[in-house]
Amino acid sequence: LAIGSLLLASLIWGWSFPATKDLIENIHPLWVNVFTFGISGLIFVIIALITKKRILFRLKQGIVLGILITLVETPQILGLSLTSSSNTALITGVGILLAPLFESTYKRTLPQKKYLLTLFLGFIGLYLITGGISSIVPGDILVFICAIFLGLYIFSTDLFEHKNKSSLVSLCAQQFLTISIISFVLVLIFQVPLNLTSLQTYSKELFLIMLFPTLLAYFLEDFGQKK
């Protein structure tokens with residue numbers, strides 16, 4: 001069940017990159033984060049209240065994960081607007097390979113040889129897919145920054161949820177609301193305009209992005225790691 005949840009989350013994220021790219025051509029990426037994560041966070045707050053979960057349980061860990069998601073989603077969605085959806089998906093995938101490296105660093109142990117080989121092959125594939133250093137565009141660099149923090153997020157999720165037995169529903173609410181608030185602050189700082197006509201026109205696409213790659217995929221990923 002846990003492995004199936006992780007596989008389904010990966011499939012949803014893979015589908016979401018082309019769909020998100022079309023959406024952010026009409027609504028600024030920061031506003032997309034504000035709405036998708038904000039609404040998802042509020043849904044989890046409602047679920048927590050119904051199931052009588054403590055919303056503030058391990059709040060510091062939820063905020064830390066929310067900050068890490070911000071450092072994953074913000075450069076990723078900005079990078080997606082500057083590069084192809086296939087590059088975004090594949091470069092992001094390298095971040096998953098970095099998770100064991102963070103774990104080895106945390107435990108102060110040497111990574112296994114098979115992991116180092118896998119990481120090496122992953123970077124070779126990344127080099128070939130992006131067309132080499134000369135063909136790398138600014139969007140690819142932003143997505144690579146996202147990949148680094150994705151590896152750190154996956155490791156931190158395992159550390160907080162699996163080892164410290166955090167409430168999954170409360171943790172999702174906390175981290176989703178954190179990225180929504182941070183994104184809204186960035187919107188105010190950089191005075192990012194919101195086109196209400198585009199918001200109304202693409203409300204269906206925004207809802208689908210909120211429901212599947214945001215709310216459902218992150219929940220499946222967190223659930224899979226916890227198990």
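Analyst: Two residues are in contact when they have heavy atoms within 4.5 Å of each other. Helices are DSSP runs (H or I, at least four residues), as strands are runs of E of at least two, and both are numbered from the N terminus. In these terms, V32, F35, T36, F37, I39, S40, I43 and F44 in α2 meet L206, I209, M210, T214, L215, Y218 and F219 in α9. The model is predicted: local features need pLDDT of at least 70 and side-chain atom pairs count only at pLDDT 80 or more, while totals for chains, interfaces and linings use all residues. Residues are numbered from 1 along each chain as its sequence is written, and side-chain values use heavy atoms, with hydrogens and water left out.

User: At what angle do α2 and α9 pack?

Analyst: Axes are lines fitted to C-alpha atoms, for helices over the stretch in contact, and angles run from 0 to 180 degrees between N-to-C directions. Here α2 and α9 pack at about 55°, and their axes are 9 Å apart. Angles under 35 degrees count as roughly parallel, over 145 as roughly antiparallel, 65 to 115 as roughly perpendicular and the rest as oblique. The pair α2 and α9 is therefore oblique.

User: Is the crossing of α2 and α9 right-handed or left-handed?

Analyst: A crossing is left-handed if the near helix is turned anticlockwise from the far one by less than a right angle, and right-handed if clockwise. The crossing of α2 and α9 is right-handed.

User: How do α7 and α9 cross?

Analyst: The axes of α7 and α9 cross at roughly 135° and come within 11 Å. That angle makes α7 oblique to α9. On the α7 side the contact is made by L168, C172, Q175 and F176, and on the α9 side by T214, L215, Y218, F219, D222, F223 and K226. The crossing of α7 and α9 is right-handed.

User: Which residues join α2 to α3?

Analyst: From α2, the residues P29, L30, V32, N33 and F37 meet I69, E73, T74, I77 and L78 of α3. The axes of α2 and α3 come within 9 Å and cross at roughly 135°. This makes α2 oblique to α3, and their crossing is right-handed.

User: Where do α4 and α9 bend?

Analyst: The bend at a residue is the angle between axes fitted to the seven residues ending there and the seven starting there. Helix α9 bends by about 30° at A217. Helix α4 bends by about 30° at L97, and a proline, P100, follows within four residues. After α4 comes R108, with a positive phi near 60°.

User: Which residues of α4 are buried?

Analyst: Buried means under 20% relative accessible area, exposed over 50%, and partly exposed in between (1.4 Å probe, protein chains only). In α4 the buried residues are S85, N87, T88, I91, T92, V94, G95, L98, A99 and S104.

User: Is L220 buried or exposed?

Analyst: L220 lies in helix α9 (residues 203-226) and is buried because its relative accessible area is 11%. Beyond its neighbours within four places in sequence, L220 is in contact with S5, L6, L8, A9 and I12.

User: What do S198 and Y202 touch?

Analyst: S198, in helix α8 (residues 196-201), is buried at 13% relative accessibility. Setting aside neighbours within four places in sequence, S198 is in contact with N26 and I27. Y202 is in the loop between α8 and α9; not counting residues up to four places away in sequence, Y202 touches D22, L23, N26 and I27. Y202 and L23 are 179 residues apart in sequence but 7.2 Å apart in space, C-alpha to C-alpha.
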